Amino acid sequence: MTVLSFSCVVLILAVATVPEVKCFSPGGAVYTRWGHKRCPRTARMVYSGFAGGSYYGHQGGAVEPLCLPRNPQWGRHDSRMSSFRGYIYGAEYELPTNIILSNLHDNDVPCAVCETRKGKSAIIIPARTTCFNGWRKEYSGYLMTGRYLHPAASTYSCVDQHPQAIFGGRQNNNGYLFYLVEGRCGSLKCPPPPIGTDGSLHVSSVLKDETQTYY
Ligand SMILES: [Ca+2]
């Protein structure tokens, strides 16, 4: 069983420039399933990999996470380390105090790039658990993003409702971090939240969303 560890991936990516390739397919819509190694039955897997992105404590860098393939290829590169570059790190779930998903805290995050078998476009609907008419669900999960106190910008991602972890990736190395999202009402018009069995409202702070495909 060969699985690249978090530190190994970071080390390689930190000392060499990272090439990219744009691939085109005549098939359906393409989306990334965060927090899962495989695609749903409604889609074909393009590749499976490791989530990565900018370091949570850096003031500059990219906002979006990337799904990095397990078998990287190197183009022309410079192996010398330099501060005149952007960096990419591995990603971790950061869920230290949450009642749900806390077993995933500090675990590295897998991802899968998926192509729908039917449908032309895919969108993420925040704060929903079912699709609107005419759309078919690809997967549903938890809205996650960076922590509000951290200097690095981040983006909202739909992490699978049954998140998986990368084997051997439970070290607290940080990097790009996935936190649950809490709704703050005011200018955001919030519906009445569900009440927990103990009368508290903690579960209602988690917004669920879905990736949907249009026929
Ligand atoms: Ca961590």
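**Close-up views of the predicted model**

**View 1. Thr145 stands opposite Tyr179 in E9.** The model shown here and in the other views is predicted. The strands E7 and E9 run antiparallel and are joined by two bridges. E7 also pairs with E8, again in the antiparallel sense, and this pairing has four bridges.

**View 2. The largest nonpolar core holds 32 residues.** Inside this core, the residues with the most contacts are Ala51, Val109, Cys111, Met144 and Phe178. Two or more core residues come from each of the strands E1 (30-34), E2 (43-53), E3 (66-69), E4 (89-93), E5 (110-116), E7 (135-145), E8 (157-160) and E9 (176-180). E9 gives the most to the core, with four residues. In soluble globular proteins, nonpolar side chains tend to be buried together.

**View 3. The surroundings of Ala51 within the fold.** Which residues are in contact with Ala51, leaving aside its neighbours within four places in sequence? They are Trp34, Pro65, Cys67, Ala91, Val109, Pro110, Cys111 and Tyr176. Two of these contacts, Val109 and Cys111, are listed with Ala51 among the residues that have the most contacts inside the largest nonpolar core.

**View 4. His105 lies in the loop between E4 and E5.**

**View 5. The whole chain, with one helix and ten strands.** Read from the N terminus on, the order of elements is α-β-β-β-β-β-β-β-β-β-β. The protein has 215 residues, of which 32% count as buried. How many of the contacts between residues at least 6 apart in sequence join residues at least 24 apart? The share in this protein is 76%.

Technical notes: Residues are numbered from 1 along each chain as its sequence is written. This is a predicted model: local features need pLDDT of at least 70, side-chain atom pairs count only at pLDDT 80 or more; totals for chains, interfaces and linings use all residues. A nonpolar core is a set of buried Ala, Val, Leu, Ile, Met, Phe, Trp, Tyr and Cys residues joined through C-beta atoms within 7 Å. A residue is buried if 20 or more other C-beta atoms lie within 10 Å of its own, exposed if 12 or fewer, and partly exposed in between; C-beta atoms are placed from the backbone. Two residues are in contact if their C-beta atoms, placed from the backbone, lie within 7 Å. Two strands pair if DSSP finds at least two bridges between them.
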